[in-house]
Structure formats: C-alpha cells, structure tokens
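Here are my notes on the aromatic pairs and the nonpolar surface. Please read them with the structure open.

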Amino acid sequence: MKIIRATHTLAFAVLALAGAPQVMANSGYTADTFLVRIGVSYVDPDEDNTNFVFDGLFTPDFFGAELDIDEEWGGNISAVWLPVEHWGLELMFTGGVNHDADLRHFRGLLPLIDRIHLGSFDVQMSDLFLNWYFLDPSCLGQPYLGIGVNYTDFHDEDLSSVASQYLIDNHSAIDFGSLGMGYSWGAAAQVGIDFMFGRDSQWLGNASIIYRDVDVDQITISFPVPDGGNRLIADFDYDPWTLNLGVGYKF
C-alpha cells in the first residue's frame, strides 16, 4: 500500500531528525504558539469485506461481495494551539474527497465478470488531535505524534445506473435505487513533522500520516418494488490512511 510505504519513510525522517543536531529558530514552539496549515490529502481507504444481504430477504448475488474503493485526493486545513511547551491541540478538516466504489466477487454477473460498479460518494472528515512535540521547542524541525477523535460524514452518495439496472432486471425493482452511508465517530492517530523554512521565517512545511477508525453501522442500497420498497444492508469499515502535505504559518 502506498500510504504504508510513505509511513515508513516519514517515520525514518522523524527518527533521523530527532537524532541529528538541530538548527535553532528565532522563537520556536513555545507556550501559546499558534499555527495554521493548508494542504492536500491523499486518502487511501482500507476497507474490510462487506457482505450485503436483503433487509428481511436473502440474495446470493451480493453474498460475499467486497467493496473496492479507489484512492483519491482532497484538501485539508488545520489550526494548532500549544497551551504549553511540547503539547498542542489541533483541529483539522479534510474535504473534497470523492470516491468511486465497485463490488468485486459479485456473483450476479457472468463467471468471467465478477465486478460491478456500485457508485460514488463524497467524504468530509473532522479531527481533534492532542499532539506531542518531543524535541526542544527551539528546534527548527518539529516532529510530533498525535491521538484524537474523528467525525466522518458521507454525503452526495450516488448509486450507479449499472447497479440500479441490475436490481431492476433481477430483483423486481421498478425504478432506480439510492445509496446511503451515514456518518461515523471514531479514533484517529497521526505522525508528522513541521519544518520552518528559515531561522527568521514564520512559514513552515508540513507532512503527516493519519489513520482513522471509521466504521459505519449500516450502508444501504434502497430501491422501490411494486408493494413498497426494499433495501440491501451491510456493515462498512472505511478506515482510511491519509497522507497530508502542506504549508503553514506560525504566530
């Protein structure tokens, strides 16, 4: 996985920086330091197997099918406040992420075609981290470790016309269906580094790797049938790894 390789690279850089002689900044990460950052996010879902079943019925077509969600780029913005030396509170927002999703190992198609395009959805993630900056506050480079809480909202869900047509052709749906994914609260953790662009500069570069535990109680595919409606349901583990790259300003 690309994000895992990036994690190893970033961890090596953090360890190397921690063991190397440090250039002193003119002010440093002292108490009451405030940072703002903006950047891009590469989001790589680590979804688990997702088994769909009918709500009240059962269909072998979706049984054992697995979600395959593509990696996507988005944007992030964050603010960090250090109330005391070495410790910071970070509020982060990540958005603009639009995923396409397929179902693989799908049994309802020909044996040589076991994949169907499920649809697409947008993701917004908000995080509150407690970060530990473990080097001297005067160091020009500042690696950090963080733990926190995450809120993820799925929206603009769109069931593909291929999936809707399959339901019409094979399960008595009388019109196109819809996809619903909801929201999730969970834990999050990160490792990152800030590096000032110069001894007299307030500008900095940032790189971080974030893991979020995002589990949705129920993803649904709803569709109309002659006597009302029916739906497919499944648990959904999104669990994305995210690589953030950005710039910031220190006050």
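Are Y133 and Y144 buried or exposed? Both are buried (under 20% relative accessible area; exposed is over 50%, partly exposed in between, with a 1.4 Å probe and protein chains only).

1. This is a predicted model, where local features need pLDDT of at least 70, side-chain atom pairs count only at pLDDT 80 or more, and totals for chains, interfaces and linings use all residues. Residues are numbered from 1 along each chain as its sequence is written, and side-chain values use heavy atoms, without hydrogens and water.

2. The whole structure holds 17 aromatic pairs. Rings of Phe, Tyr and Trp (its six-membered ring) pair if their centres lie within 6.5 Å; planes under 30 degrees apart are stacked, over 60 edge-to-face, the rest tilted. The ring centres of Y133 and Y144 are 5.2 Å apart with planes at 45°, so this pair is tilted. Y133 sits in strand β6 (residues 115-133) and Y144 in strand β7 (residues 141-159), so the pair ties together parts 11 residues apart in sequence. Strands are DSSP runs (E, at least two residues), numbered from the N terminus.

3. Y249 and F251 pair edge-to-face, at 5.0 Å centre to centre and 70° between the planes. Y249 is partly exposed at 27% relative accessibility. F251 is exposed, at 56%. Ring pairs link F34, W203, Y249 and F251 into a cluster.

4. F251 also belongs to a nonpolar surface patch of about 1,000 Å², with F34, W132 and L145 among its other members. Such patches join nonpolar side chains (Val, Leu, Ile, Met, Phe, Trp, Tyr) within 5 Å, from residues with over 30% relative accessible area and no salt bridge (a side-chain nitrogen of Lys or Arg within 4 Å of a carboxyl oxygen of Asp or Glu). L145 lies in strand β7 and is partly exposed, at 37%.

Definitions and conventions. Helix = DSSP H or I, 4+ residues; strand = E, 2+ residues; numbered from the N terminus. Patch = residues over 30% accessible without salt bridge, like charges linked within 9 Å, V, L, I, M, F, W, Y side chains within 5 Å. Areas by Shrake-Rupley, 256 points an atom, 1.4 Å probe, with all protein chains shown as cover.
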